[in-house]
Amino acid sequence: MDLLSQIVARAKSNKQRIVLPEALEERTLRAADKALADDIADIILIGNPAEISKQAKEWGLTHVDKATIIDPENNPKAEEYAQKLEELRRKKGMTIEQARELMKNPLYLGCMIIKTEGADGQISGALSTTGDTLRPALQIIKCAPGISCVSGGLLLITKQPQYGENGVLVIGDVAVTPMPDANQLAQIAVCTAQTAKSVAGFAEPRVAMLSFSTKGSATHEVVDKVIEATNLVKKMDPELKVDGELQADAALVPSVGAKKAPGSTIAGNANVLVFPNLEVGNIGYKLVQRLGDAIAIGPILQGIARPVNDLSRGCSVDDIYYMIAITACQAMDAKK
């Protein structure tokens, strides 16, 4: 069974409640229909019920009627949610009138449903920007305990089974924080390792903190940052297997790892790669994707207390379908 099939199977094994706030967007509604047909999640659609029903019939979707539909313009819990939002944002100057208006915004409404335990995760981005997706999540759901830095993890499925877990690597950050400091980089490492467990199913994440230096082969302030971050990771999660600073070949190739970092249990054996900054991570994975014909799945947002994931506006129906399954896996892990 390939990785995506494994993720779908895990989602089916413990169904979660996933909100799709862009319910009238065609790809989103088609993905919802497929997810409901395959029984991988309980779907909550936000939008006008009559319009959703009309579009479903027009597009020949026969499973949408299994979804829970919440109309943001006629929601019996609107005042309850507005009161809760005003309470959460009072110190930031939010008024009850502003809160009532925001509860008509599907992205805010979906996050409030999660906050009040009515759902387990949310996916948007087919119509919305990353900022629009993240803003309500950070204002309402907030970051996970001990985390202040949101990041983007990614599943990289290569055709080189000798690397990672049978060719699968989990990497971060590739999407959110441009220039993390040492503390933020440590948080990214811990969160990416968690994604490796909850989504990729790795029994034992082995984290390499990447740099252009391996164990003092070069000196520079950016290398110092990676070394400091590595030490912080060990304090944040003493059980996590991590080492750095390591060059990419030292992290992945056993013979190179043994030569450049003798005695390291991670060198040559890493399955989680943490990049020193967003620029390197984003460029690196796209080079591997295009030149190495690898499959890149994500970004998967990390560090939020309950999963809220972002889609590319160029996403396909299958992209949304698999992100539903990924979000469900994250939600299961968040409840532990």
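Predicted model: local features only at pLDDT ≥ 70, side-chain atom pairs only at ≥ 80, totals over all residues.
**Exercise 1. A nonpolar patch**

Task: Which residues make the nonpolar surface patch of about 330 Å², and where is Leu 287 found?

Solution: 
- Step 1. List the members. The patch is made by Ile 283, Leu 287 and Leu 291.
- Step 2. Locate Leu 287. It belongs to helix 12, which covers residues 278-291.
- Step 3. Leu 287 has a relative accessible area of 46%, so it is partly exposed.

**Exercise 2. Backbone exceptions**

Solution: 
- Step 1. Recall the background. Most residues other than glycine have a negative phi, and most peptide bonds are trans.
- Step 2. Take the bond from Gly 244 to Glu 245. It is cis, and omega is near 0°. Glu 245 falls in strand 8, residues 241-246.
- Step 3. Take the bond from Gly 298 to Pro 299. It is cis, with omega near 5°. Pro 299 falls in strand 10, residues 295-302.
- Step 4. Turn to Lys 142. Lys 142 lies in the loop between helix 7 (130-141) and strand 5 (151-157). At 32% relative accessibility, Lys 142 is partly exposed.
- Step 5. Turn to Lys 215. The loop between strand 7 (206-210) and helix 9 holds Lys 215. Its relative accessible area is 42%, so Lys 215 is partly exposed.

**Exercise 3. Salt bridges across the sequence**

Task: What parts of the chain are tied together by the pair Asp 42 and Lys 15, and what parts by the pair Lys 34 and Asp 318?

Solution: 
- Step 1. Start with the count. The model comes to 18 salt bridges, with a cut-off of 4 Å between side-chain nitrogen and carboxyl oxygen.
- Step 2. Asp 42 is in strand 2 (residues 42-46), and Lys 15 is in the loop between helix 1 (3-13) and strand 1 (17-20), so the bridge ties together parts 27 residues apart in sequence.
- Step 3. Asp 42 is partly exposed at 34%. Lys 15 is partly exposed at 33%.
- Step 4. Lys 34 lies in helix 2 (residues 26-38) and Asp 318 in helix 13 (residues 317-334), so the pair ties together parts 284 residues apart in sequence.
- Step 5. Lys 34 is partly exposed at 31%. Asp 318 is partly exposed at 37%.

**Exercise 4. A salt bridge and a network**

Task: Are Asp 333 and Lys 336 buried or exposed? Which residues are linked in a network of salt bridges?

Solution: 
- Step 1. Set up the pair. Asp 333 and Lys 336 form a salt bridge, with the closest N and O atoms 3.8 Å apart.
- Step 2. Classify each end. Asp 333 has a relative accessible area of 19%, so it is buried. Lys 336 is at 82% and counts as exposed.
- Step 3. Name the network. Glu 165, Glu 204, Arg 206 and Lys 241 are linked by salt bridges.

**Exercise 5. The whole chain**

Task: What radius of gyration would a compact globule of 336 residues have, and what does the protein chain have?

Solution: 
- Step 1. Count the elements. The protein chain has 13 helices and eleven strands.
- Step 2. A compact globule with 336 residues would have a radius of gyration near 20 Å; the protein chain has 21 Å, which agrees.
- Step 3. Take the box. Along the principal axes, the C-alpha atoms fill roughly 65 × 45 × 30 Å.
- Step 4. Take the burial. Of the 336 residues, 52% count as buried.

Note on methods. Residues numbered from 1 in each chain as written. Heavy atoms only, no water. Helix = DSSP H or I, 4+ residues; strand = E, 2+ residues; numbered from the N terminus. Buried < 20%, exposed > 50% of the residue type's maximum accessible area, 1.4 Å probe, protein only. Rg over C-alpha atoms; globule rule 2.2 N^0.38 Å. Patch = residues over 30% accessible without salt bridge, like charges linked within 9 Å, V, L, I, M, F, W, Y side chains within 5 Å. Areas by Shrake-Rupley, 256 points an atom, 1.4 Å probe, with all protein chains shown as cover.
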